[in-house]
Each structure stands twice: as structure tokens, then as C-alpha cells.
Amino acid sequence: MNSVLPLMAGIQLDWFSLPQQLVNGLVVGSIYALIALGYTMVYGVLRLINFAHGEVFMLGGYTALLTSYAMGYSPDAIRQAFAEGREVTSSPLNLVIMLLVAMAVCAIIGAIIEYFAYRPMRNQSRIAALITAIGVSLFLQYAGQLFLPSNPPPSVAQDVNPYQAVYTKVFSEAVIGEGGTVIRPAVEVTITQGRVIMLITVVVLMAVLTYLVMYTKTGRAMRAASHDFDSASLMGVNVNRVVTATFMLGSALAGAGAMMLTTFEGTTLQPFFGVLPGVKAFVAAVLGGIGNIPGAVLGGLVMGLAETLVTWLGYSEYKDAVAFVILILVLLVKPGGLLGSNKVEKV
Amino acid sequence: MKNGLLQIAACALAVGSLSFFAGCKDPSAKGGEGGTTAGTSGSGSGASASGDTIKIGLVASLNGEQRPWGVDCEAGAQLAVKLFNEAGGVDGKMVELKVEDSNSKPEEGKSATEKLVGDGVIVVIGEVASGITQQMKTVALEAKIPLVAVGATNPDITKDGQGLISRVCYTDDLQGPVMAKFAFDKGLRRVAVMTDKKLPYSTGLSKTFVARFKELGGQIVAEESYQAGESNFGGQLTRVKATNPDGIFMSGYFNEVGPMARQIRQAGMNDVVLMGGDGWDSAELISNGGDAIVGGFFCNHYNDQEDRPEVQKFLTDFKANNNGNLPGTTMGALGYDATALVLDALKRLAAADKEINSANLAAEIMATEGFKAVSGDITLKGTNGDPAKRALVVEVRKDGFVFNKAYEPSEVLAK
């Protein structure tokens, strides 16, 4: 029954920690899902892969941080408060403001990118638009290197956010032998309050998105444009407005994800912060069926769980490779994605 | 057609990213690509000093992930040159420091070195990280110019150096065992290791730590990897927790160590001792890690609370020349040491009335004996370029790093 040790000897299924790992996977996956939505919505309407989406995500992180500085939680202010022995805690209101500002700024950035970079390319070949997207992505990364600080001190982000509590549910205690040897590991699930809030926020945002897309006029226009861009414009849909709205929605979700990641997970910011999550979320979008909104959510969760389960099996060094293995498998077996339509397209 | 394009794009991205992750593992495997070195003084005998000034080069990570180190390194080097010139230079001839930015990237460090060689420097100083120094080495060897590394601790740096490559820091062959011995002496017996698989520095350091800790009789209960840029370590930490460790060795850079420390505590591992190498050395470690990292230990080159005269003089001078600020990292001292060591060799060269050129300077650098550096005495004579230096273990406090213990190489490496 000594299933944890030795860890080095190939796959050792550690059933005791599976519940915890599933929770971990869910947390990671929810953020992937949030970013993947941006990829999938833009693709749905424009058939364009917005490679700059990861950079919008990065800028959202910086926006949230700078907002917290502006609200009086700058590193200097916090240091001074500690020196004077004052306790600094931000209120939930501060976090809500950070979230909203990050979402708003990202939405504007998304709209600007669309207007200046993608709109002039709209009637060009798809490959030209794709290369433009890569160009915008690199531009933002390196402009970030010039103008944004690397590893800025986190502020509200961690030390002073009010959601530091940790919830632990122990199902069975660990049995520890002589010298600390684990005879039977504990079965327990630990989750921080911050992560709980993150999960709830993701669910709320997705509900709002579903409402916007399914029950509003703009949403209907979006679906029409996604179905057939040209016909929609002939039917009187203002497609330019629809495209702008799509970019704004997707970017706002990325901004929310970045704010929560830096605040509740303690991730440090740097101009390449968006690259890895961006790539993983792109894979998630393709996995779920790019252009398909529920698909992006499903894809994100599957990606998060797959990564965590690879770690659970003891192969954390292959954690990132699994994303690309999944991508290749999906493209080979079901190119449309899990929830995508597999219809044959006319050439 | 539409789907086809998507597939091509996605596949290209997937393959590109895979090779990117894999390719980062071992830059040392790459040889010199040849034919890239800018011409210096004729047939590969290295540059010689001509004109009014003697030019020396510095490659530093002034931007990118290692910016805190690069900025300090440059400030230290500038300080050394300034003091040297104020004291009269080399027989009245001033030394000019040419600085190039590597952007924390190996390839850019290589082209920066090529640019310096083209500018006619007789020696190149740098870098703060091993991956970049590896690439600079290929250029230095080709141009036959001495290279003095600042903070590159990977043992391979000085291998096959042809008498040109040296460094002023200790190596991971020392650093890993120092932390292993420290952990064992502290009574830790069950240690888990977290490695940043993207960094040659981290993988190398973990290896030497693990080997020594096992030799001493300790048990490595878990070895998990992550990747720079990652933010959620929940999966790995859950595995680590299940093995009931009494210590965790994190061999990566401060960027990820801070958030990881927070998540370790959040996962409920409150009494586990956190340890690492000199990659932790940055004020950002404390702001990123908060209370979670306080009480951790790491191996470092020097500590600004030591009362050796070299340390105190350096700190006074540094403050006076940097608007009253102290260096935020050890690289301030190491950048200063590397530059001062080069300048000292230049001076000896002039005193012996030898021609000032790269070849003579390289020989003189390698003849350094008992040089009083800020980070401890440096002797390169009779070595392959690796000084036998002591290493310090410092403790992380809320307001800085405090000296805890010093280890001589002999007491760590002896069986």
C-alpha cells in the first residue's frame, strides 16, 4: 500500500492525492478557459487567430498592478506601513476596482489592436492577417520590455489582499512512521480563499458572456457574423461594430484572468508573462473546437486537468509537452475539436 | 481550405514551441557557429591597446528577466573603472568601459560580445548567468580575448578555456554541496527538490545538491520540475506534500521562487525549511515571496554585513557613486570584483613593462594570486580559471539577507 515511495520508480499511482490534484487542475483550467474564450470568439467572427491575445493578457496584469499602486498600495507605501507597524489590508472593493479597470483597459487595448492592425488587413489573404497577428504579439512583447518593469513588486496582489485564508478538508489523516517516512499519506483537499473566489468569478463571467451572446442584440449580430460574415453585413448588421465588440469582450476576459492570476496566485509580471498561458489557451481553444464558446471552456478545463494529471503521474517535466501532444492528436483525429462541427468546407 | 490553414498554423506553433522548450535545456552542447567574429587586429592574436584609452568590454543583462542583476553588475563595473581612473589609470592612460546589453538572452549576449570585439576591447567581462556566458565564450575563444565571467556558476564555463576563460564566482560544484551540507547539518533528512527545467543553471545545481545530500545520508523524497514563467505549482506541490519533506530545495531564480514559496505555505507545509542557490539573490525575492520566504536559506557570494575592510570600502564607494543606494544584489560586488581584477592585472602588466594586449592580459589574469576582492580572496594561478572561494549561507529576513554560516571549499568537498 506504500504507493507514494519511491517516487522515482516510474509511475506510482498516488490515489490519496487525486482529489487535491483534480482541484488543482480545475483552478489552472479555469484560467485557460477564460483566455481561450478570447481566441475562440475572434476566430468565430473573423476566422483570425489573434496571436496578440496573450499580450493583451499580459497588459491586463500590469494594469491591475498599476491600479493597485494608484489606490495607495504602492510598494513604498506598504513598506512604510510595515516599518511603522501598521497592518495594511485592502478591502474587497479595491480588488473589484482592480478587476474592472483591468477588464476595461484590456477591452480598449483589444479594440485599438483590431482597429489599427487587423482592420486594414481584413480583405487581405488570411495568411497575411495571421502574420500581422504574430507581428502585433512581438511588438507588444518588446515594447513591454522597453516601457514596463520586469518583476515589479506585487502590492495588493498578495501581502495585503483580504483573501489569504486556506480551507482544508481532511478526509483521513496521514500516518507518519519513524524518521518521517510516510506510511499512508493524508487524503485531504486544500484550497485558498483566493482560488475559490477565482473559480466563482470565472463562472460568473461565463454566465455574463453567455447572456451577452445569446440574449442581446449585439450577441445576435455576433452570431450572425460568425455564421456568415458577408451575408450578415448585407442584412444590415454593422459588422465593424460587431468585430470591435468581439475583440473587447474577449480582451476583457483576458484582463480578468490576468488580474486574478497575479492577485491570487502571486505570479510575478514580466513582459513575456502572456506567452505561455497564451499558447496553452490557444491549444485549449483548438481542442474544444475553435470558434465554439462552450468548446473553449471545455478545452481549457481539459487542458488544466491533463497537465495536472501528468504531474500527478510523476512526470512534471512533461507537463508542458502534453499540451502540444494533445494539440497534435486533436488535429489528427478530430480536426474540428471536441465540440466543433466536422463539416466539410467548400474550397 | 479554412481548416487547413488553421492546422498548419497550429502545427507550426506546436512544433516551434516544443523545440523551444527542449532547445533551452543545454546551450553548452552548441559549438561555435564560426565565421561571425568581427575582425580585430589581424590574424587572431587578439586586440592590442592603441590610441589614448584602453578599452575593456562588459556584457550585462540590462533588460529582461535578469535585469536586477545586470543593472547592479554594470554599476559595480563602472565604479571599479572610475576609482581606477581617478587613481591615475595605467601610467596616466585612462581605461574606457564599453557596455553592451544582452537582454538576458544567450544569443544577444553573443552578438553583444561580437560587437565589443569589433570595437577593439582587449578583454570582455560578463555575464551574470551561465547560459549567456556559454555563448560569449565561443566568441572570446575565437577572437582570442580573455573573458572574465561575473556570476556564471555552471562548471562547464571554464572547460577547454585555452587559458582565456576565468570567473570571479564559485561554481555549482561547490554551491550545491554547500547547501546539501548545510541542510544535513541543520538536521534535515527528507528533502524535496524543485527544478526549473528550462535553466541549465537550475538543473545543474539540483544535480550537485542531490548527489551530495544522498552521500551525506539524507533522503531526496521528491524531485519535481517546473518552467520559468509558470504560475501555478499546485500539482507539483501536492506531490511534494504527500512525501512529508522537512526541507525543499528550490534551485531556480527568484522570479518563480517567491510565488512558489507562497503556494508551499498555502498548501499547508508551514514548517518546511526552504533553501536555494544564488539565483535567489535579489530584493524581489522578499517582495515576491512575502512572509512565506522569510526564514529561508540560500547560498551566496558575499554579504553586505560582513566586516571585512574590502566589503565596507566597497559599500561606501558604491553609495557615494549611486545616489546613496546600495546594490540590490550580490552582482554589484561581483561586477566590481571582475572589473577590479582585470584592472589589477592591467596594472601589473604595465609595471612589468609588457605590451598591453589580449594575450599578455589573459596570462596576467590567470596569474592573479590572493587578490583582495569584495567577495573574498581570489587566486587564479594554477587553476583552470575557477577560483577556490568560500561560499556563504544567508538567511532571508523581512528586511534583507543576514549572514548565517560560511563554508570553505575544503570542508564541503572532502568526503
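A salt bridge is taken here as a side-chain nitrogen of Lys or Arg within 4 Å of a carboxyl oxygen of Asp or Glu. The legends below describe a predicted model, in which local features need pLDDT of at least 70 and side-chain atom pairs count only at pLDDT 80 or more, while totals for chains, interfaces and linings use all residues. Residues are numbered from 1 along each chain as its sequence is written, chains are lettered from A in the order in which they are written, and side-chain values use heavy atoms, with hydrogens and water left out.

**View 1. The salt bridge of Lys319(A) and Glu230(B).** Lys319(A) is joined to Glu230(B) by a salt bridge in which the closest N and O atoms are 3.0 Å apart. The count of salt bridges between chain A and chain B is three.

**View 2. The contact of chain A with chain B.** With contact meaning heavy atoms within 4.5 Å, 65 residues of chain A and 52 residues of chain B take part. The two chains bury about 5200 Å² between them, 57% of it on carbon and sulfur atoms, where buried area is the accessible area (1.4 Å probe) that two parts lose on being put together, summed over both. Across this interface 12 residue pairs are in polar contact, both residues being at pLDDT 80 or more; a polar contact is a pair of N or O atoms within 3.5 Å, and within protein one must be able to donate a hydrogen and the other to accept it, residues adjacent in sequence counting only if both atoms are side-chain atoms.

**View 3. The two domains of chain B.** An automatic or database domain assignment supplies the bounds, giving domain 1 (53-170 + 308-384) and domain 2 (173-300 + 393-413) of chain B. Their C-alpha centres lie 29 Å apart, and 13 residues of domain 1 are in contact with 16 residues of domain 2. Between them these domains of chain B bury about 1300 Å², 53% of it on carbon and sulfur atoms. Zero salt bridges are found across this domain interface, whereas six residue pairs are in polar contact, both at pLDDT 80 or more.

**View 4. The surroundings of Pro106(B).** Pro106(B) is found in helix 3 (residues 106-118) of chain B, a helix being a DSSP run (H or I, at least four residues), numbered from the N terminus. Leaving aside residues up to four places away in sequence, Pro106(B) touches Gly131(B), Ile132(B) and Gln135(B). Pro106(B) and Asp278(B) are 172 residues apart in sequence and 19 Å apart in space, C-alpha to C-alpha.

Notes:
Helices (H or I, at least four residues) and strands (E, at least two) are DSSP runs, numbered from the N terminus.
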